[in-house]
Amino acid sequence: MPGCHTQPVYLKVKSDGSWAWPPRLFDNPVDKVRAYLEVMAKTNTKPEFECFDTGIVRCVEMYVRNGMYAGKPQYNFVMGVESGMPADPALLPILQKLIIEGCAWQVTAIGRANIWALHQRAAELGGHLRTGLEDTFYLPDGRKARSNGDLVDALANCARMAGRQVASPAEARAI
């Protein structure tokens, strides 16, 4: 689900200063977000609010106060994108303070080895855990993952190290 304003995302600069790919803006004015949320409400689709910065995290609460969204939103902190929030585990307690109390949250961690400390901290703080080859190709030890299964196994280990149980597929669907 988009954020709440026009935001440059997925910008990346190569070592020579040139763009790694053409700069791209996601244009998400409030009326556009409202229209998405209205369709989702009609189709019983629960949005996941992707938050690339703290301003977007704060917008979600405004959508609820304004009546654009009813219920408890699910937050997805997208971290590690060069032009967004860094993959810094120290940011997670700050982000937790900004969400509506009692709401589910997770991290989409983009990058290499730096993301595993972020996943571990999310597990310790009670966040939901997610991963996939769309976010990283690398396991905690630096080896390339052969499949999403390798990444899921590593993430399950983060949960266990934090003293948490790993949900079964049926439990995950219910959540």
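Tutor: Before we start on this predicted model, note that helices here are DSSP runs of H or I with at least four residues, numbered from the N terminus.

Student: What is the phi of Asn 44, which follows α1?

Tutor: Helix α1 covers residues 30-42. Asn 44 comes after α1, and its phi is positive, with a value near 55°.

Student: How far apart are the end C-alpha atoms of α1, given its 13 residues?

Tutor: At 1.5 Å a residue, the 13 residues of α1 should span 18 Å.

Student: Which elements do the buried residues of α1 pack against?

Tutor: Taking buried as under 20% relative accessible area, the buried residues in α1 are Val 33, Leu 37 and Met 40. They cover an arc of only 60° around the axis, so they lie on the same side of α1. The face turned away from that buried side carries the exposed residues Asp 31, Val 39 and Lys 42. The packing partners of the buried residues are β3 (48-51) and α2 (54-66).

Student: Which strands are the edge strands of the open sheet?

Tutor: Three strands form the sheet with parallel pairing, in the order β3-β4-β5. An edge strand pairs on one side only, which is the case for β3 and β5.

Student: Which residue in β5 stands opposite Val 78?

Tutor: Strand β4 comprises residues 74-79 and runs parallel to β5, to which five bridges join it. Strand β5 itself covers residues 105-109, and there the residue opposite Val 78 is Thr 108.

Definitions and conventions. Residues are numbered from 1 along each chain as its sequence is written. This is a predicted model: local features need pLDDT of at least 70, side-chain atom pairs count only at pLDDT 80 or more; totals for chains, interfaces and linings use all residues. Side-chain values use heavy atoms; hydrogens and water are left out. Helices (H or I, at least four residues) and strands (E, at least two) are DSSP runs, numbered from the N terminus. The expected span of a helix is 1.5 Å times one less than its number of residues. Buried means under 20% relative accessible area, exposed over 50%, partly exposed in between (1.4 Å probe, protein chains only). The arc is that of the directions from the helix axis to the C-beta atoms. Contact means heavy atoms within 4.5 Å. Two strands pair if DSSP finds at least two bridges between them.
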